Amino acid sequence: MGRRAMVAKNVMIRLATPDDAFAIASMSRDLIETGLPWTWTPERVTRNIRNRNISTVVACDGEEVVGFAIMYFGDEDSHLNLIAVEPVYQRSGLGQRLIDWCKQSCFVAGIARIDAELRITNRSARAFYRKCGFRERALMPGYYSGVETAVTMTLPLRPGV
């Protein structure tokens with residue numbers, strides 16, 4: 001077992017609680033929203049945790065939140081709002097475990113696909129999403145605060161989607 005895999009070996013994934021909101025919001029600010037206005041504040045994350053149409057999960061090493069995913073569930077499709085893993089845990093399989101949790105939730109709910117957006121400049125995220133089975137769909141200029149283009153990606157969960 002490689003060093004990175006060993007780092008994530010004892011990480012548990014569970015549903016988030018409002019007590020996790022600050023850790024999630026801080027990771028979003030530091031790992032996702034870098035150079036942009038901070039929009040995923042603790043208050044917004046708490047609203048998402050409490051929303052019954054949104055699943056927020058955290059990956060914890062002991063008591064420390066080291067990764068998370070926030071996903072909205074519609075009738076036929078879902079939207080991965082955010083996903084992040086602390087740098088020391090990246091490339092350990094933890095991101096894939098979070099995506100797998102989201103996919104399993106979708107299968108149970110009868111969801112046909114997962115949609116997501118990411119920064120066009122984030123090459124490692126694009127590669128990660130592709131590795132997880134997502135396909136690039138379109139570009140959305142100015143999506144991020146009017147200054148950065150987003151790549152929209154889709155993960156079909158049923159044939160023909």
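Glu136 stands opposite Met153 in β7, and the strands β6 (135-144) and β7 (148-156) pair in the antiparallel sense over six bridges. Strands count as paired if DSSP finds at least two bridges between them, while helices (H or I, at least four residues) and strands (E, at least two) are DSSP runs numbered from the N terminus. This is a predicted model in which local features need pLDDT of at least 70 and side-chain atom pairs count only at pLDDT 80 or more, whereas totals for chains, interfaces and linings use all residues. Residues are numbered from 1 along each chain as its sequence is written, and side-chain values use heavy atoms, with hydrogens and water left out.

**The sheet**

- Seven strands form an open sheet of mixed pairing, in the order β1-β2-β3-β4-β5-β7-β6.
- The edges are taken by β1 (12-15) and β6, each with a single partner strand, so one side of each is left without a neighbour in the sheet.
- From one strand to the next the twist averages 25 degrees, where axes are lines fitted to C-alpha atoms, for helices over the stretch in contact, and angles run from 0 to 180 degrees between N-to-C directions.
- Strands of a sheet pair through backbone hydrogen bonds, either parallel or antiparallel.
- The pairing of β2 with β3 is antiparallel over eight bridges, and that of β3 with β4 is antiparallel over seven bridges.
- Eight of the 10 residues of β3 are buried, so this strand is largely enclosed by the rest of the structure; buried means under 20% relative accessible area, exposed over 50%, and partly exposed in between, for a 1.4 Å probe and protein chains only.

**Hairpins, bridge partners and positive phi values**

- The hairpin of β2 and β3 has two residues between the strands, and Gly62 in this hairpin takes a positive phi near 70 degrees.
- Leu139 stands opposite Val151 in β7.
- Arg91, which is not a glycine, also has a positive phi, near 65 degrees; Arg91 belongs to the loop between β4 (77-85) and α4 (94-109) and is exposed, with a relative accessible area of 64%.

**Surroundings of Thr56**

- Thr56 lies in strand β2, has Ile70 in β3 as its bridge partner, and counts as buried at 5% relative accessibility.
- Leaving aside residues up to four places away in sequence, Thr56 touches Arg14, Leu15, Ala16, Ile24, Asn48, Ile49, Ala69 and Ile70, contact being heavy atoms within 4.5 Å.
- Thr56 and Cys102 are 46 residues apart in sequence, and their C-alpha atoms are 9.3 Å apart in space.

- Helix α5 lies across β4, β5, β6 and β7 and runs at about 165 degrees to β5.

**Nonpolar cores**

- A nonpolar core is a set of buried Ala, Val, Leu, Ile, Met, Phe, Trp, Tyr and Cys residues joined through side-chain atoms within 4.5 Å.
- The largest nonpolar core has 29 residues, of which Leu80, Leu94, Leu98, Ile114, Tyr129 and Phe134 touch the most other members.
- At least two residues of this core come from each of β2 (54-61), β3 (64-73), β4, α4, β5 (113-119), α5 (123-131) and β7, and α4 gives the most, with five residues.
- Apart from this core lies another, of 16 residues, among them Ala16, Ala25, Val45 and Val65.

**The largest pocket**

- The largest pocket has a volume of about 1,100 Å³, a volume being the space filled by probe spheres set on grid points that are joined across faces, edges and corners.
- On a 1 Å grid over the protein atoms alone, a pocket is an open set of points where a 1.4 Å probe fits, with protein on both sides within 12 Å along at least five of seven lines, and lining residues have an atom within 4 Å of a point.
- The lining consists of 38 residues, and the closest to the pocket centre are Ile32, Ile83, Asn122, Ala125 and Tyr129.
- The elements that give two or more residues to this lining are α2, β4, α4, β5, α5 and β6, and β4 gives the most, with seven residues.
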